[in-house]
Amino acid sequence: MMEWKKKDLLTLEELSKEEIEFILETANSFKEVSTRDVKKVPTLRGKTIVNLFFEPSTRTRTSFELAAKRLSADVLDFSIGNSSVSKGESPVDTARNIEAMKVDCFIIRHPVAGIPKLIAKEVKAAVINAGDNSHEHPTQGLLDLFTIREKKGKIKGLKIAIVGDILHSRVARSNIWGLTKLGASVILCGPPTLIPLGIKHMGVEVTFSLEEAIKKADILYFLRMQKERQDEIFFPSTQEYVQLYGMDMENLKRGKRGLLIMHPGPINRGIEIKSEIADSPASLILEQVTNGIAVRMAVLYLLVGKRGKND
Ligand code: CP
């Protein structure tokens, strides 16, 4: 049995195949807790978890809060709007001051890549990266791996096509690291302007044709068009993007038997996928959200519950 050694979870790049598999196995054992009448275990009783979100979130924030509460931890949901961040306090100072109140873990989302790592170096508490700009979103990657393994019974040998705005996507990066480490093939698909130059060095295939991706893939993973991170025009119009890269039922019929659809949310219905796809039996979107709780319970347990008194 592996012993968990890491203080923080900042990226999937820095995890080994064995560490990723260990988290997925641990998540498996926590999934059942959320199906109980009383959805609680005492694992993290007496521990304090702080949600430190400098950017909006629906899924990640609530999922971490529920995961922590189901482990019986106390949760502080730090609200930036009412804090001294608006008076110019730096993220590191904010974290160090909250840590002085004796907390055990920070879950950090920040619009600047690398801020969770910077804070992790400055605090003794565990730090979990909940998304730092276009860099990484490791627990999203883990819950996607968990969902794929649950539905397909394996990850090795599968072909996953990630479609859309790869350039601005932290989810794409975490998934590329996770999927390739676990032996899947990754195809990136989107307009040439939204696929970073040199990304093939991550061991992925690139296509600009959705039709080609659909024909090859076991799973199509769609990404949201991140207008808030696009400071220039990357394609002529939304209408043209939908025509070339939007997913509908006709496209689904051209894919392999059992082709599955994933998306990290939030979805733009009618842009990257039509409602007939998002709400179809092929869609795993809500199962991804459900599995997020088990995966985050596992991560919190390993980082907070397993740490020794002298760490
Ligand atoms: N998938 C995801 O990170 O969603 P939120 O932005 O709502 O947390």
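Domain 1, residues 17–137 plus 290–305, and domain 2, residues 138–288, both contribute residues to the shell around the ligand, so the ligand lies between them. Keep in mind that this is a predicted model.

Which residues surround the ligand? The shell consists of S57, T58, R59, T60, R109, H137, Q140, P264 and G265. Sorted by class, that is 1 nonpolar, 6 polar and 2 charged residues. As for location, the ligand sits in the largest pocket.

A polar backbone atom of T58 is 2.8 Å from an oxygen atom of the ligand. On the nitrogen side, the side chain of Q140 has an N or O atom 3.1 Å from a ligand nitrogen. A ligand nitrogen also lies 3.2 Å from a backbone N or O atom of G265. How much of the ligand's accessible area does the protein cover? On its own the ligand has 250 Å² of accessible area, and the protein covers 92% of that.

The largest cavity holds about 60 Å³ of space. Its lining is made up of R59, S63, Q140, L143, P264, Q288, V289 and R296.

Definitions and conventions:
Residues are numbered from 1 along each chain as its sequence is written. This is a predicted model: local features need pLDDT of at least 70, side-chain atom pairs count only at pLDDT 80 or more; totals for chains, interfaces and linings use all residues. Side-chain values use heavy atoms; hydrogens and water are left out. A residue is near a molecule or strand if one of its heavy atoms lies within 4 Å of it. A polar contact is a pair of N or O atoms within 3.5 Å; within protein, one must be able to donate a hydrogen and the other to accept it, and residues adjacent in sequence count only if both atoms are side-chain atoms. Accessible areas come from the Shrake-Rupley method with a 1.4 Å probe; for residues, only the protein chains shown count as cover. On a 1 Å grid over the protein atoms alone, a cavity is a set of points where a 1.4 Å probe fits but cannot get out, and a pocket is an open set with protein on both sides within 12 Å along at least five of seven lines; lining residues have an atom within 4 Å of a point. A molecule sits in a cavity or pocket if more than half of its atoms lie within 2 Å of its grid points. Ala, Val, Leu, Ile, Met, Phe, Trp, Tyr, Cys and Pro count as nonpolar, Asp, Glu, Lys and Arg as charged, and the others, Gly among them, as polar. Domain bounds come from an automatic or database domain assignment. Grid points are joined across faces, edges and corners, and a volume is the space filled by probe spheres set on the points.
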